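This report concerns salt bridges and domain contacts. Please examine the sequence and the structure shown below before reading on.

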Amino acid sequence: MKLYSDSFEKLINELSRLPGIGPKTAQRLAFFILKMQKEEAESLAFAIQEVKNKIHYCKVCNNLTESDICNICSDQNRNKEIICVVEEPNDLIAIEKTRGFRGVYHILLGRISPMDGLGPEDIKIDSLVGKVKKGGIREVILAINPNVEGEATALYIAKQLKPFSVKITRLAHGLPMGADLEYADEVTLTRAMEGRSEMFST
Amino acid sequence: MYLRTDAIVISKRNFRENDRIITFYTRTYGKLDVLVKGIRKIENRFGSSLELFTYNEILLWEKRKGDLLILTQCQTKESFFKIRSDLKKIASAFYITDLARELTKDKDKNIDIFNLLFTFLYLLEKANKPEIIISSFQLRLLFILGFGPELDKCVNCKIVISKNIKYFSLQFGGIICNNCARSSSSNISLDHNTVMIMNKLIYAPLNSIENVIVSFVALKKIEHLFSLYIFYHMDKKMKSKKIIEKLIK
């Protein structure tokens, strides 16, 4: 027995492809869309279409942008000599929120993860090496997630950049603000101890 | 019901918004998929204890038999974190854990595999030649799984072949004499020296595996043979292999 009309079933199927949306939620969302004002529903459809048509990756840093080059890369006040390397555009947003970094970015769009079949060619490492090779870069900050895949990615990038005279740094590993020492795990504590800093540096 | 066991993290994948499914190789229950709630939040209580290759004591909750297990407690016993500071070692550990994940069955208890995995991660942490360690692991794992190749006599007619080894039969799973080679459809050329090295990689004491003298060419030959062998008998192609080779290069 057919429960829904073809178009309604199609909408449910499409919605259930979204992350975290199961068939039940998809059905609820589909009913919600059906009850929406026509203009609202069209506006939603239009927004989805527009985002797919307009947004693409920045030619310089792979950030999401509507023009060829993103706002950060085209900003003259940014220090182009310092590149911060992150895995995904979300990571860039997290760093931008700190307002403490005035350099530019390079987004890898992934990380090396052999178990998921992702190798060095599957992420944007070559273009980073190209940028450094061209010259004019003083420091490359590797702001890659501190897990095993992130370590592998950082070590691989560092190996590729070693022949060029550029300073390569990594974000510090340690205790998050508001954490409790008692509950910190051994690796985090060891890293925090290694990366300790002097309180009254002269 | 609560289950308590020692376990090594061999794989992980994201699940829902903040959760992750971790694959452990456990001492008591074999390979297990376990749901870890809230692990992707920065204030999660597990910290780095559920990173790949970590050896933990874990407490699991199973609501009903057959339900997905949920991790409730975790205490790190060994993090092998020196592996993480060397690209070659990370790549080798990826391969070792990937083999353990791909070639074993879920919930199939095998304490020898657990011990092998633990020992080889330990050896890898201290290794100078990780490529020899992974080759030895691969051979030993195949033996534990019951897929160990015959390397002493002809796998078909059991005649002892001394120095006149020419072929390895994928079909029969071992070295094969010239006579029997005619009836085997999948022969790979192999010399006496390579077979000797393979025997050493299998039987060398754990603390002297790295002392086995093996040339780069011979190691490549052994690796190639076992990629074919694993595919022939277990229908598995190690997709991580090529990537790992690039990282090690």
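A polar contact is a pair of N or O atoms within 3.5 Å; within protein, one atom must be able to donate a hydrogen and the other to accept it, and residues adjacent in sequence count only if both atoms are side-chain atoms. By this rule, 4 residue pairs (both at pLDDT 80 or more) are in polar contact across the interface of domain 1 of chain B and domain 2 of chain B.

The model is predicted: local features need pLDDT of at least 70, side-chain atom pairs count only at pLDDT 80 or more, and totals for chains, interfaces and linings use all residues. Residues are numbered from 1 along each chain as its sequence is written, chains are lettered from A and ligands numbered from 1 in the order in which they are written, and side-chain values use heavy atoms, with hydrogens and water left out.

**Domains**

Domain bounds come from an automatic or database domain assignment. Chain A has domain 1 (6-54) and domain 2 (77-200), with C-alpha centres 37 Å apart. In chain B, domain 1 covers 1-79 and domain 2 covers 85-249; here the C-alpha centres lie 29 Å apart.

**The domain interface of chain B**

Contact (heavy atoms within 4.5 Å) involves 18 residues of domain 1 of chain B and 21 residues of domain 2 of chain B. The size of an interface is often given as the accessible area lost when the parts come together. Buried area is taken as the accessible area (1.4 Å probe) that two parts lose on being put together, summed over both. Between the two domains of chain B about 1,800 Å² is buried, and carbon and sulfur atoms give 68% of that area. B:Y25, B:K31 and B:F53 supply 40% of the area that domain 1 of chain B buries against domain 2 of chain B, more than any other three residues.

A salt bridge is a side-chain nitrogen of Lys or Arg within 4 Å of a carboxyl oxygen of Asp or Glu. The count between domain 1 of chain B and domain 2 of chain B is 1 salt bridge. B:D106 forms a salt bridge with B:K31, the closest N and O atoms being 3.7 Å apart.

**Salt bridges**

Over all chains, the structure holds 25 salt bridges.

| Pair | Closest N and O atoms |
|---|---|
| B:D6 and B:R27 | 3.2 Å |
| B:K12 and B:E51 | 3.2 Å |
| B:E102 and B:K236 | 3.7 Å |

Helices (H or I, at least four residues) and strands (E, at least two) are DSSP runs, numbered from the N terminus. Relative accessible area is classed as buried under 20%, exposed over 50% and partly exposed in between (1.4 Å probe, protein chains only).

The salt bridge of B:D6 with B:R27 joins strand β1 (residues 2-15) to the loop between β2 (19-26) and β3 (30-36) of chain B, its partners being 21 residues apart. B:D6 is buried at 11%, whereas B:R27 is partly exposed at 29%.

B:K12 also pairs with B:E51; B:K12 lies in strand β1 and B:E51 in the loop between β3 and β4 (55-61) of chain B, 39 residues apart. Both B:K12 and B:E51 are buried.

In the salt bridge of B:E102 with B:K236, B:E102 belongs to helix α1 (residues 87-103) and B:K236 to the loop between α6 (216-234) and α7 (240-248) of chain B, 134 residues apart. B:E102 is partly exposed at 22% relative accessible area, and B:K236 is partly exposed at 29%.
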